[in-house]
Amino acid sequence: MRCFCISLLLWFSTVTHAAIHMSDQFIVDGVPHDVDSSPLAKLYASDEIQLKLQNQQRCEAEQNGYKGVWELKGQQLFLNTLLQSNCNATTASIDPQLLFSEKQYPLKAQWFTGAIKVPLTDKDYKHCLTDEGSDETIGYAYLAMVYEFIGGELVQQSEQLVTENWQRPRSNCANVPTARV
């Protein structure tokens, strides 16, 4: 009984402190898509952003404290706005002068060189059996439209299989069913 109570207490503590993640959005042809990464991370490290936003209201449960709304206009990437959660399911716009020398949005994202991946399918999680016989997730794969930018300008757009592996696959992975999320 004591172990059950401790387990229950630990479970509640992880649930109450779980991060609420506000995914960045990437708008293409007027259609918004949630994306896992933020082009802003190429300009500032996470702790730098937190320092610049330290006087702004911030939800403690929020993972990164902001949500970027990005848009492809012509061949250029723009930051339409940065939003900040106030823990009540509402958001407020972050003043662009806190992070940029500009006074208003939208901003050309000339600093961004990298890729934005828009998922086209659900993530297909790869599982393996451990030596003890339990199921272990080792990574995932999904089909995505990948937009590649140099200096904020679109240079390539292609459909790609995106994979993320946390561990090297074992020989006993083939017989374990995958899960789609």
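A polar contact is a pair of N or O atoms within 3.5 Å; within protein, one atom must be able to donate a hydrogen and the other to accept it, and residues adjacent in sequence count only if both atoms are side-chain atoms. By that rule, the side chains of Ser158 and Gln160 are joined by a polar contact of 2.9 Å.

This is a predicted model, in which local features need pLDDT of at least 70 and side-chain atom pairs count only at pLDDT 80 or more, while totals for chains, interfaces and linings use all residues. Residues are numbered from 1 along each chain as its sequence is written, and side-chain values use heavy atoms, with hydrogens and water left out.

**The overall picture**

Let's start with the fold. The protein has two helices and eleven strands, where helices (H or I, at least four residues) and strands (E, at least two) are DSSP runs numbered from the N terminus. Their order from the N terminus is α-β-β-α-β-β-β-β-β-β-β-β-β. Of the 181 residues, 36% are buried; buried means under 20% relative accessible area, exposed over 50%, and partly exposed in between (1.4 Å probe, protein chains only). The accessible surface comes to about 11,400 Å², and 51% of it belongs to carbon and sulfur atoms; these areas come from the Shrake-Rupley method with a 1.4 Å probe, and for residues only the protein chains shown count as cover. Among contacts (heavy atoms within 4.5 Å) between residues at least 6 apart in sequence, 58% join residues at least 24 apart.

Ser158 lies in strand β10, and Glu71 is in strand β3, residues 67–73. Ser158 counts as buried because its relative accessibility is 16%; Glu71, at 19%, also counts as buried.

| Residue | Partner | Distance |
|---|---|---|
| Ser158 | Gln160 | 2.9 Å |
| Glu71 | Asn80 | 2.8 Å |

Not counting residues up to four places away in sequence, Ser158 touches Ala144, Met145 and Val146. With the neighbours within four places set aside, Glu71 is in contact with Phe26, Ile27, Gln76, Leu77, Phe78 and Asn80. Glu71 also sits 8.2 Å from Gln25, C-alpha to C-alpha, although the two are 46 residues apart in sequence.

**Two backbone details in loops**

Asp29 is in the loop between β1 (24–28) and β2 (31–35). Asp29 has a positive phi of about 55° although it is not a glycine, and it is exposed, with a relative accessible area of 74%. Pro106 belongs to the loop between β5 (91–93) and β6 (107–108). The peptide bond leading from Tyr105 to Pro106 is cis, with omega near 0°.

**The largest pocket**

The largest pocket holds about 280 Å³ of space. It is lined by 18 residues, and those closest to its centre are Asp36, Ser37, Ala115, Lys117 and Tyr142. On a 1 Å grid over the protein atoms alone, a pocket is an open set of points where a 1.4 Å probe fits, with protein on both sides within 12 Å along at least five of seven lines, and lining residues have an atom within 4 Å of a point. Grid points are joined across faces, edges and corners, and the volume is the space filled by probe spheres set on the points.

β7 (114–119), β9 (135–150) and β10 (153–165) each supply at least two lining residues, with β7 giving the most, at five. The lining divides into ten nonpolar, four polar and four charged residues; Ala, Val, Leu, Ile, Met, Phe, Trp, Tyr, Cys and Pro count as nonpolar, Asp, Glu, Lys and Arg as charged, and the others, Gly among them, as polar.
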